[in-house]
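Hi everyone, I've got one structure for you today. Let me put it up, and then we'll go through a helix pair and a couple of loop residues.

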Amino acid sequence: MTMTDIGARIERARAAADLSQRALAGATGLSQSSLSRIISGARPPKMPELVAIAWETGHTVAQLIGTGVSAERAQCAARATNDSDMDGMRRALLDFLELDEYLDDQAIPATTGSRAGKQGPETVNAEQEGRTEAERFRREQNLGMQPLGDLVAIIEQAAGIDVAVLDADQDEHGLTMRAPERGAVFIAVARTEHPMRQRSTLAHELGHVLFEDWVNSDTGGWSNRSPGESRANAFARHLLVPVEGLRAFLGERGSIGRSDLSAVVQRFLVSPKIASIALHQAGYIDLSTKKEWMALFAPGLATRFGWSDQYLALRDDSARRRAPQQLLTRAIKGYAEGILSVQAIATLRGLSRGDTEVELGKAGVVPADRSAMWADHSELPEPDVDLSALDEALDAPDEDTEAPDTTASDSG
């Protein structure tokens with residue numbers, strides 16, 4: 001890690017904390033010129049300066065100097081378009097993993113839940129593997145055949161995996177990252193005004209975790225349609241719209257129209273594309289109808305069939321940032337114990353420092369008083385120090401001083 005790299009990390013931390021260079025310099029006791037030189041890589045930061053910068057930006061020293069979870073060690077699975085390198089989401093999830101590791105080091109306990117996914121079954125093909133694993137997950141989590149509501153909460157509570165909804169580039173749909181040494185896993189999806197797509201991406205990334213589709217984080221090719229991607233797609237479809245749940249909803253019908261398609265989209269909160277595939281697999285529509293309906297869009301169906309208010313509420317919800325709940329819970333505990341600054345919580349929430357302090361204060365969460373306890377010197381024990389070794393060192397000749405040359409003399 002070069003000085004330039006450390007400077008770049010400090011600059012990203014400053015920006016994430018929404019602090020100007022002047023404000024950060026003032027909060028850390030640095031001059032603005034010194035901070036500017038550190039950020040540019042012109043001079044190395046001293047450890048007390050790093051500690052102060054880390055505290056004020058809500059980061060750890062390991063995050064600033066790159067000694068935490070590295071991109072080379074992390075493993076990923078992703079969903080992207082247009083050959084996106086997923087750089088934004090990768091940086092965000094690395095920050096989550098590094099904070100998670102720091103909280104481990106500080107003995108802030110993790111909440112309940114398994115950190116690592118289980119290996120999926122080895123069956124005939126990607127479609128069958130995806131369906132079998134989706135059915136297993138629903139069965140083991142007692143989800144039945146009913147529509148799934150808040151998918152973020154279900155993944156966090158049922159699978160024990162932290163989920164974040166982040167600001168991201170339009171081609172960065174979802175990313176899952178794991179620290180293999182500790183088994184910590186995070187899923188991130190992008191904020192979007194397309195709620196059905198976000199739900200599909202969440203289910204897709206959960207499939208990657210359960211099938212352990214891990215590759216090195218710098219592998220790239222996140223837009224490629226690999227067998228693993230096809231399997232995760234199948235898992236997502238069958239998780240969101242189980243065939244038996246669809247049959248229980250529609251029953252025995254002689255014909256299916258677009259109003260029925262709309263009802264399926266509304267009930268299971270999926271795109272018309274996923275609903276059409278499920279209807280075809282359940283035997284309700286033929287192949288040509290499936291292809292026709294796959295080209296439709298949820299907003300249009302919602303408007304035509306009277307549930308646009310519900311769709312707008314879903315859209316507003318999917319466009320909000322959402323912090324990973326388990327990590328946030330631990331971070332708040334770290335704040336209460338005085339090992340994390342309020343800025344760390346603010347950064348996770350995407351809020352200002354002031355608003356975060358007010359919110360925590362209203363909930364009765366305040367940092368512990370860790371002021372030093374002083375005692376009168378008369379109450380302290382007498383020191384018992386052996387100074388003989390120090391005396392010997394002081395009396396020893398200085399090895400760097402040249403001894404006088406006595407081999408020759410001036411006889412006059």
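So, start with helix H2, residues 21–28, and helix H4, residues 47–57: their axes come within 9 Å and cross at roughly 120 degrees. Axes here are lines fitted to C-alpha atoms, for helices over the stretch in contact, with angles running from 0 to 180 degrees between N-to-C directions. That angle makes H2 oblique to H4, because under 35 degrees counts as roughly parallel, over 145 as roughly antiparallel, 65 to 115 as roughly perpendicular, and the rest as oblique.

Who makes the contact, meaning heavy atoms within 4.5 Å? On the H2 side we have Leu24, Ala27 and Thr28, and on the H4 side Ala52, Ile53, Glu56 and Thr57. Those residues split into four nonpolar, two polar and one charged.

Quick caveats: this is a predicted model, so local features need pLDDT of at least 70 and side-chain atom pairs count only at pLDDT 80 or more, while totals for chains, interfaces and linings use all residues. Residues are numbered from 1 along each chain as its sequence is written, and side-chain values use heavy atoms, with hydrogens and water left out.

Now the backbone. Asp83 has a positive phi of about 55 degrees, and it's not a glycine. You'll find Asp83 in the loop between strand E1 (75–80) and helix H6 (87–105). Asn142, also not a glycine, has a positive phi of about 55 degrees, and it lies in the loop between helix H7 (126–140) and helix H8 (151–159).

Are they buried or exposed? Asp83 counts as exposed at 65% relative accessibility, and Asn142 counts as exposed at 71%. Exposed is over 50% relative accessible area, buried under 20%, partly exposed in between, using a 1.4 Å probe and protein chains only.

Definitions and conventions: Helix = DSSP H or I, 4+ residues; strand = E, 2+ residues; numbered from the N terminus. Contact = heavy atoms within 4.5 Å. Nonpolar A, V, L, I, M, F, W, Y, C, P; charged D, E, K, R; others polar.
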